[in-house]
Amino acid sequence: MEDLKAYIESGILELYVLGDVTSAEKLQVEEMASKHPAIKAELDEIERSIELYAEENAIEPSEQLRNRILGSLLTNFGDDNNFPTQTHVERENVVVMQPGKETNFYKYAFAACLALLIASAVALYNLYNRLNDTNTQLNAMQVQNQHFSTTVSAKDNELNLLRDTSYKLIHLKGTAKSPESIMTVAFSPSKQKVVIDMGSLKLPANDKTHQYQLWALVGGKPVDLGVFDSTVDSSGFKNMKAIASADAFAVTLEPRGGSASPTLSEMMVLGKY
Amino acid sequence: MSKKRKISLSEEELVLSLQHREKIAVEALYDMYSASLFGVISRIINDTAIAEDVLQETFVKIWHSFSSYSTEKGRLFTWMVNIARNLAIDKIRSKDFKNQNKNQEIENNVTFIDEQRNTVYKPELTGVKDLVQTLKPEQKLIIDLVYFKGYTHVEAAEELGIPLGTIKTRLRMAIQELRKHFN
């Protein structure tokens, strides 16, 4: 009994009730309590004191907290006992809802991306078409521009030639074979240049196997000055082969490429220098 | 009004109906012990909202682990208050709680809370005055440190700079005083 009294007075039982003992000490106290009713009674006394001390120090929680806590416990209570199936379904729902939300988000995001992609593609296609149109127009403008500048420079050349006093204009008149024909040759003996005015050329259009050939008569002999074609839309000046002097100019119709000597029966125009 | 509605059972009846998972036992459990448990939790956790959360966690844990309690182990309240204290101490030592920076250092808290609570909650603490007069200040300090603050008697000895044996003796004397008082 002395041992028991010492054990009680050691303070271990108080620490046991306060949860401040090692697991070995805990087992020891429980063993002692089960063996000795005195220790069990002492423990009960200590517990009651501590409990009453807590009651003295109690703080009443708010009424809302009572509802909240009882609500959460009684919900669990229902889960445990009354509605096991329904609880299962509810849980299933909760589990399904969460990923559902996520999936929806990605669905919408994906749809939005797709819509954006399509819109972008359409816009890009339209833009591409417009770019093509613009390029075509630009090309046409450039061609036109080039045409204009060519024309202008050609006209410049013509004008320069006409202003050049060393040139003399010779009007070749139609022969009996082609009385309507007429053409103008500009000849500069000092520059040894022969130019024909295609713009004022009036000769019957030649076919594909024939070409007109210009001849210069020098001392009664014909000298080849090159071939040309007569078409409806021919224009500008055309440089022919060089020659220093000529008495007269004539044009004959020859096989394509020209002949070594003129076919006199096919002489179309003739003009003296 | 709420006081009138409170359900009270004997501890034996309460334990039995809790073991049978009866609905009324839950309400009785709350009505009989919530204030005592909240008093303990509130002295460990200064923040009322967090203390309320811990009280809820405490009841949830009591309810779910009730099968591990047996009357042979001791009184129901002793078992429950240990759950409450452990949850509260876990909470103030958790990262979340520390990050919230709402806590004061536990050492500074020891007397502060009681001073604060006694003024704030005076109406609910009738009877404490008698008790304060019964207990010597050093007895009250040691019982509060160990009971309300979750100090081990070893930590309390270090904190107060008192030998371990003296701590144990004082604790025992304090509880002896309480026993006299309540008897």
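Helices (H or I, at least four residues) and strands (E, at least two) are DSSP runs, numbered from the N terminus. By that rule Asn86(B) is found in helix H5 of chain B, residues 76–93. The structure is a predicted model, in which local features need pLDDT of at least 70 and side-chain atom pairs count only at pLDDT 80 or more, while totals for chains, interfaces and linings use all residues. Residues are numbered from 1 along each chain as its sequence is written, and chains are lettered from A and ligands numbered from 1 in the order in which they are written.

**Confidence**
- Chain A has a mean pLDDT of 84, and 88% of its residues reach 70 or more; pLDDT is the predictor's confidence in each residue, from 0 to 100.
- Residues 81–100 of chain A have pLDDT below 50, and beyond near neighbours in sequence this stretch has three contacts in the model. Two residues are in contact if their C-beta atoms, placed from the backbone, lie within 7 Å.

**Sheet of chain A**
- Eight strands of chain A form an open sheet with antiparallel pairing, in the order E5-E4-E7-E8-E1-E2-E3-E6. Two strands pair if DSSP finds at least two bridges between them.
- Strand E5 (221–228) and strand E6 (237–239) of chain A are the edge strands, each pairing on one side only.
- On average, neighbouring strands of this sheet are turned by 30° against each other, direction ignored. Axes are lines fitted to C-alpha atoms, for helices over the stretch in contact, and angles run from 0 to 180 degrees between N-to-C directions.
- Strand E1 (residues 168–174) and strand E8 (residues 267–272) of chain A run antiparallel and are joined by two bridges. Gly174(A) has Val269(A) as its bridge partner in E8(A).
- Strand E4 (residues 210–218) of chain A is joined to E5(A) by six bridges, and the two run antiparallel. Val218(A) stands opposite Lys221(A) in E5(A).
- The hairpin of E4(A) and E5(A) has two residues between the strands, and Gly219(A) there takes a positive phi near 60°.

**Nonpolar cores**
- The largest nonpolar core has 64 residues, and Leu29(B), Leu37(B), Ile41(B) and Val146(B) have the most contacts inside it. Such a core is a set of buried Ala, Val, Leu, Ile, Met, Phe, Trp, Tyr and Cys residues joined through C-beta atoms within 7 Å.
- A residue is buried if 20 or more other C-beta atoms lie within 10 Å of its own, exposed if 12 or fewer, and partly exposed in between; C-beta atoms are placed from the backbone.
- Helix H3 (residues 23–44) of chain B gives the most to this core, with 12 residues.
- A second, separate core of 26 residues includes Leu203(A), Ala246(A), Val251(A) and Leu253(A).

**Contact between chains A and B**
- Chain A brings 37 residues to the contact and chain B brings 44 residues.
- Helix H2 (12–17), helix H4 (37–56) and helix H5 (63–81) of chain A are the elements that give two or more residues to the side of chain A that touches chain B.
- H5(A) supplies the largest share of that side, 13 residues.

**Single residues**
- Asn86(B) is partly exposed because it has 14 C-beta neighbours inside 10 Å. Asn86(B) and Ile41(B) lie 45 residues apart in sequence and 9.5 Å apart in space, C-alpha to C-alpha.
- Gln192(A) is not a glycine, yet has a positive phi of about 55°. Gln192(A) sits in the loop between strand E2 (182–188) and strand E3 (193–202) of chain A, and is exposed because 12 other C-beta atoms lie within 10 Å.
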